[in-house]
Amino acid sequence: MSLYERLGVPRVVNAVGPATRFGGVPLSAPVLAAMAEATTLAVDVEELQRTAGAHLARLLGVPGAYVTPGASAALLLGTAAVLTGTDPGLVDALPEVRGPRDTVVVQAAHRDPYDHAVTATGARLVSVGYPASTRRDELARALDECTAAVLYRPGRPGEHVGLHETAALAHAVGARVIVDGALHVPPADRLRAYVDQGADLVAVSGGKVFRGPQASGLLLGDPDLLAAVALHHQDMDVRDATWSRPGERDPRGAPRQGIGRSLKIGREQLLGLVVAVETYLEHGPDPVGRDELEVVMTALTGAGVAARWHHDTALDVTNLEVDVTGVDANAVLARLADRAPAIFVEEGAVWRGALLLNPMALLPGDGALLADALLTELT
Ligand SMILES: *Cc1c(COP(=O)(O)O)cnc(C)c1O
């Protein structure tokens, strides 16, 4: 009997992909082995963070890296670092922002529910422009000596100020640029392009295409800002007299537990992510689940249901797009969720009459279950 059965939690078919609400994607054997090995020894976690960060930064070709429990956590920690630097007084005060720079500017099209990670630090979010367009002048007028950072989300449709220009405008007033690359990295060359175009920090999800532990992520970029992240994030249950100050830390003494302490990471997640990134860089995206979607494609087209391959450029994965125009899509989704096992598909394209099937979390046999369910609903 599986642990899930013992607890009475039924399995579901996850055709959504790396979604947190379904536990993300299955981990590979090397990642699981790394997590098991991580737990066998005690280490100084601060030193582990620093060393693993340097290793990942070298592998990914960026100036610095810091392992977080997800991209959302990385956004929060990165914003905190930008607001305070390594000043222990400013670190201790958050979410009261005592520094002179307390706002984060964002183009309207780049807004997202994950903005909560930014405002949780106490920063004030200032939205500029409109969903379909933001002009360079509008962005420039919004930036001043109170701007701590510009939050940038790539890949949004419309006429917006590009990253290179955004960074030039931000840096001209002494503000930093934080890119939410959760959906867009890997590939690693896209990450390096963000840094080359002026991003100071890039938040990345470990549990998406890297196939790392679900509660893992990376904050990449400026090593000085990452040193400030450590002050917010590390377990600061220390004494000033014996606290070792590795690296180029601020000499003013230890801050207390900061707002980032709620986002702690275990060494299992940390080493799991290290091995996941190594595995990705060595072998590229894992094609797992693709065969299952082939089963669905063959069954649907054989029965005259319109379906086509659709490459998601953000996640760099090929989904199967199933046509549901003229059908009550919400009723179909409800009936899929009512089956045993329950079936969940990506709903993000329902507005244009399509269900998306993502292969990344499909298990052997899921293709047949999906095909059977969709044929029942759509023929
Ligand atoms: C998934 C996602 C996040 C959150 O990533 P986690 O690693 O789950 O914290 C943040 N921003 C965007 C745009 C995302 O797609």
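Me: Which element supplies the largest share of the lining of the largest pocket?

Reply: Rolling a probe the size of a water molecule over the atoms shows where empty space is left. On a 1 Å grid over the protein atoms alone, a pocket is an open set of points where a 1.4 Å probe fits, with protein on both sides within 12 Å along at least five of seven lines, and lining residues have an atom within 4 Å of a point. Here the largest share, three residues, comes from α4. Helices (H or I, at least four residues) and strands (E, at least two) are DSSP runs, numbered from the N terminus. The model is predicted: local features need pLDDT of at least 70, side-chain atom pairs count only at pLDDT 80 or more, and totals for chains, interfaces and linings use all residues. Residues are numbered from 1 along each chain as its sequence is written, and side-chain values use heavy atoms, with hydrogens and water left out.

Me: What volume does the largest pocket have?

Reply: A volume is the space filled by probe spheres set on grid points, which are joined across faces, edges and corners. For the largest pocket this is about 1300 Å³. Of its 42 lining residues, the closest to the centre are Leu183, Lys208, Asp312, Leu315 and Glu346. Both α4 (71–84) and β9 (307–312) supply at least two lining residues each.

Me: Is Thr301 buried, partly exposed or exposed?

Reply: Buried means under 20% relative accessible area, exposed over 50%, and partly exposed in between (1.4 Å probe, protein chains only). Thr301, in helix α12 (residues 290–302), is partly exposed because its relative accessible area is 41%.
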